[in-house]
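Please examine the sequence and the model shown here. The explanation after them is intended to be read alongside both.

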Amino acid sequence: MTHSQHDESLQGTATLVDKPIHSDIQLRKLYIESYGCAMNFADSEIVASILTKNGFETVKEFEKADVIFVNTCSIRDNAETRVRKRLTDFRQLKRTNPSLIVGVLGCMAERLKSQFLEEEQLVDIVVGPDAYRDLPNLIETVEGGQKAVNVILSKEETYADISPVRLDTNGVCAFVSITRGCDNMCAFCVVPFTRGRERSREPQTIVNEARDLFLRGYREVTLLGQNVNSYLWTGGGLKKDNPSKEELENATTFAQLLDMVAKVSPLLRVRYSTSHPKDMQNDVLEVMAKYPNICKYIHLPVQSGSSTMLDKMNRGYTREWYLERVAAIKHYMPNCEMSTDIITGFCGETDEDHAQTVSLMKESGFIMSYMFKYSERPKTLAERKFKDDVPEEIKAKRLQEVIDLQHELSHQRNIKDIGKTFEVLVESVSKRSADFYSGRNTHNKVVIFPKGNYKKGDYVHVTITECSSATLKGVLANE
Ligand code: SAM
Ligand code: SF4
């Protein structure tokens, strides 16, 4: 698995685990497909962990499954359309295999609840992101001839004690969830409704998971949450608006957590995603600067370069604040690179607002961006308060403009890397050629290089000789 928060090439990827060794009983076959952000992929690993302890093994082909789960995304309308289309494939299969169980997990399940069962007749189970522990019971209910729904959102659930089985991975990089839910209420965003309130996970369980991964040969962890910078452990439960003085004294902040995870081993790379600009404080930058094994790369979604839009989006910062944070990042770590998320055509966005986004992109010099057209989502603040009034073709035109600009910025930036030597973690054999490896440098850029005598999980020095806008290619240094 790679490390972007929303990697197109991974959408719909099947989740696979090794057969448990202990079992001589007939295991039932589970197929899980995941859509959306990295949190969903990480959640599928929790689901697989729960079910492999309950008589299941995972399979790669859905045709062989007794139970099919689709872990869904609601972030934009087209994410939901894609899942609906996929369900029609499973409908075919159910005709020939009536005992097949089909379940919908994640954000779409939470958003639509039992309405899903009415709209999609073939679906047997609907489960929200906080109810995965209940899956064995829900499957039993369906086997008893009923449909099953659990969309209760929790104030405590962090799955802290569940050690996720690592699915379909390269054995080198893993995700570790550190928070669940989100309290931010950005006007465009459905996440607070589908994933509930923000909770932080007990720090020691995070460190233990990272250490365990390292001992099993993993060399990179990405700490995951909707807004990792607001991580705050004060003993469990919902994030308190006003923690007491005593609670704060004993609390663990994100900067402290990062410090703890970085100490697991100098050979374990640490990344995190996603940061919210309003919570990006200097203490985190100080810790990042202190440890060479914390990668010098920050994904800091700006959404828009216009303060008017940012205010309407309820993002809690201005253009000036954002640019000041970019300057602070460069101050603490001159070698740090950044990427971002951008939405074009949010309610009331003018040509001038859009021009501000374009100029902010140039000024910040992002090496990569995830760029989207605004898609109105039910129940959100924007849906209730504002008109989705930017015509589709303008949204699309502005989107194309930022995509073209980012392409150009990435390419220009990559050209500057030619001749430089980077430390690269070997992740997998290159998809294009069996004689090359693929890995990433500290800036999260994909680097392709000859295999030499190296193996997955090794650190290699690569001198860059060529580039495209998406990847760097190089030769082994000193060889
Ligand atoms: N929590 C992260 C954050 O605040 O940046 C990520 C949230 S979301 C999973 C990833 C991205 O999807 C957002 O940063 C935003 O750019 C985009 N997004 C969210 N809601 C959207 C909507 N209604 N229409 C278009 N893009 C949206
Ligand atoms: Fe959505 Fe904003 Fe929370 Fe990100 S921070 S998940 S965009 S509400």
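Predicted model: local features only at pLDDT ≥ 70, side-chain atom pairs only at ≥ 80, totals over all residues.

Residues are numbered from 1 along each chain as its sequence is written, chains are lettered from A and ligands numbered from 1 in the order in which they are written, and side-chain values use heavy atoms, with hydrogens and water left out.

Helix H2 comprises residues 77–96; helices here are DSSP runs of H or I with at least four residues, strands are runs of E with at least two, and both are numbered from the N terminus. With 20 residues, H2 reaches 31 Å from its first C-alpha to its last, close to the 28 Å expected at 1.5 Å a residue, the expected span being 1.5 Å times one less than the number of residues. Ala79, Glu80, Val83, Arg86, Leu87, Phe90, Leu93 and Lys94 of H2 are buried (buried means under 20% relative accessible area, exposed over 50% and partly exposed in between, with a 1.4 Å probe and protein chains only). These buried residues pack against strands S2 (28–34), S4 (67–72) and S5 (101–106) and against helices H3 (107–112) and H4 (115–119), where contact means heavy atoms within 4.5 Å.

The loop between H3 and H4 holds lysine 113. Its phi is near 50°, a positive value in a residue other than glycine, and lysine 113 is partly exposed because its relative accessible area is 31%. Asparagine 444 likewise has a positive phi, near 70°, and is placed in the loop between strand S19 (436–440) and strand S20 (446–450). With a relative accessible area of 17%, asparagine 444 is therefore buried.

A cis peptide bond, with omega near 5°, runs from serine 273 to threonine 274. Threonine 274 belongs to the loop between strand S14 (269–273) and helix H10 (282–290).

Finally, aspartate 404 is found in helix H15 (residues 392–417), and its 45% relative accessibility is why it counts as partly exposed.
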